[in-house]
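This report covers selected local features of one protein chain.

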Amino acid sequence: MQGPGNTEAFLREKDCHVVAACDIDKNNLHSALNKINTHYGNQDCKPYHDYREMMARTDIDAVMLAVPDTWHALVATEAARNKKDIYGEKPLARTIAEQQAIVKAVQQNKRIWQTGSWQRSVANFHKAAEIVRNGMIGKISSVEVGLPEGPHDESMHKPLPGTTPPAQLDYETWIGPSRMVPYIERCVHANWRWNYNTGGGQLLDWIGHHCDIAHWGMDCDLSGPFEIEGKGEFPPRDAAWNTCTKYKIELKYPNNITMTIAGGYPEIRSGTKWIGTDGWVWVDRGAFEASNQEWRDYQDLPEDMRKVKLPRSTNHHRNFLESAKSGQPTVTPSEVAHHSSTPGHLGLISMLVGRKIKWDTKREVILGDSEASKLLTRPYRAPWKLA
């Protein structure tokens, strides 16, 4: 889903030359090669089946990663160790421990990272976050983060028999570090999101968008909640699609700020809403509303009101390339992506154990709950190991 669009975006940049493509589905790899080589009018793009071979090339400066959540950590850390700058998709990884590993690898190898949380490069989201950061709604009291619900498909909310994987797909590698399960066509590619063996459902698919914007306005890019309680509706655990279909998570942040993250609750609108003592702002894709009519009319916040100036980007892929050249951080570096997704991970853990959990934001540990703490990570299927 994300790979072709990201590739097209980089092909449009004249100072970026796409020289290699890697995929374990031969049909998808052929499509990528055809798109790239047609663009350049040659056959120079080299195909790879093993991402490690591609990462080992010393003539490659940067990589774009668009793989299932279950693969984020292995591929990203390999890229960082090979001194590649990285454009990677959200959420940062399948678990908090894997996110920590990515942040560590990026920092240790001094790499540039851009997350596909592209809303930070869109004007209405930037304006909304700056209004909040500049205190124009007063002291923040609560934040609402509305995400999609579902998917609702009863035919997939039950155990299903496996079939033989198609010849073009290396299914053994596709499952990778996750538990081996029989191949089901509607559980791979775009639909890997709907089973916790490979993805995190709508909650984790979208947390890196609207919660990312919420944190931007709250000045929480490097912090987070300390208390989390979630409730959700789940299909059977052995269903082909077993991710929660409806969910609501209540979180407590420092400075007496509460946050609600919800999917399937009409009273929590899609997008991000900050509510303060002097007003409110709500923003979504293509939409902006506020308690003050003047704020709605601003294309950008007037310069004299911008005491706090958030980084400005109008093109997310361009921002990555400029940062790769300059060495300056992108608008969504790995540390930010980690903290943006953490509330979603913690909310899911709370739902799975069925109780409130407490989170130490400095040490990044769950307090006093060994069962919940085990869900911060996951076992890897041999021979895969996260170094």
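R12 is exposed in this predicted model, because its relative accessible area is 59% and the cut-off for exposed is over 50%. R12 lies in the loop that runs between helix 1 (2-11) and strand 1 (20-22). The C-alpha atom of R12 is 28 Å from that of W216, and the two residues are 204 residues apart along the chain.

L375 has a relative accessible area of 36% and is therefore partly exposed, a class that falls between the limits of 20% and 50%. L375 belongs to the segment after helix 12 (370-374). Together with F234 and L352, L375 makes a nonpolar surface patch of about 210 Å².

Most peptide bonds are trans, and most residues other than glycine have a negative phi.

| Site | Feature | Value |
|---|---|---|
| G150 to P151 | cis peptide bond | omega near 5° |
| A382 to P383 | cis peptide bond | omega about 10° |
| K83 | positive phi | phi near 60° |
| D219 | positive phi | phi about 60° |

P151 sits in the loop between strand 6 (140-147) and helix 7 (171-175), while P383 is in the segment after helix 12. K83 is placed in the loop between helix 4 (72-81) and strand 4 (85-88). With a relative accessibility of 43%, K83 counts as partly exposed. D219 is found in the loop between helix 8 (201-218) and strand 7 (227-233).

The largest cavity has a volume of about 50 Å³. Its lining is formed by H215, S223, G224, P225, H339, T342, P343, W359, T361 and E364. Helix 11 (residues 334-353) supplies three residues, the largest share of this lining. By class, the lining of the largest cavity has six polar residues, three nonpolar and one charged.

The second largest cavity has a volume of about 40 Å³. The residues lining this second cavity are L65, H72, A76, G88, E89, L92, I102 and W113. Five residues of the lining of the second largest cavity are nonpolar, two are polar and one is charged.

Technical notes: Residues numbered from 1 in each chain as written. Predicted model: local features only at pLDDT ≥ 70, side-chain atom pairs only at ≥ 80, totals over all residues. Heavy atoms only, no water. 1 Å grid on protein atoms, 1.4 Å probe; cavity = no way out; pocket = protein on both sides within 12 Å on 5 of 7 lines; lining within 4 Å. Points joined across faces, edges and corners; volume = space filled by probe spheres on them. Helix = DSSP H or I, 4+ residues; strand = E, 2+ residues; numbered from the N terminus. Nonpolar A, V, L, I, M, F, W, Y, C, P; charged D, E, K, R; others polar. Patch = residues over 30% accessible without salt bridge, like charges linked within 9 Å, V, L, I, M, F, W, Y side chains within 5 Å. Areas by Shrake-Rupley, 256 points an atom, 1.4 Å probe, with all protein chains shown as cover. Salt bridge = Lys/Arg side-chain N within 4 Å of Asp/Glu carboxyl O. Buried < 20%, exposed > 50% of the residue type's maximum accessible area, 1.4 Å probe, protein only.
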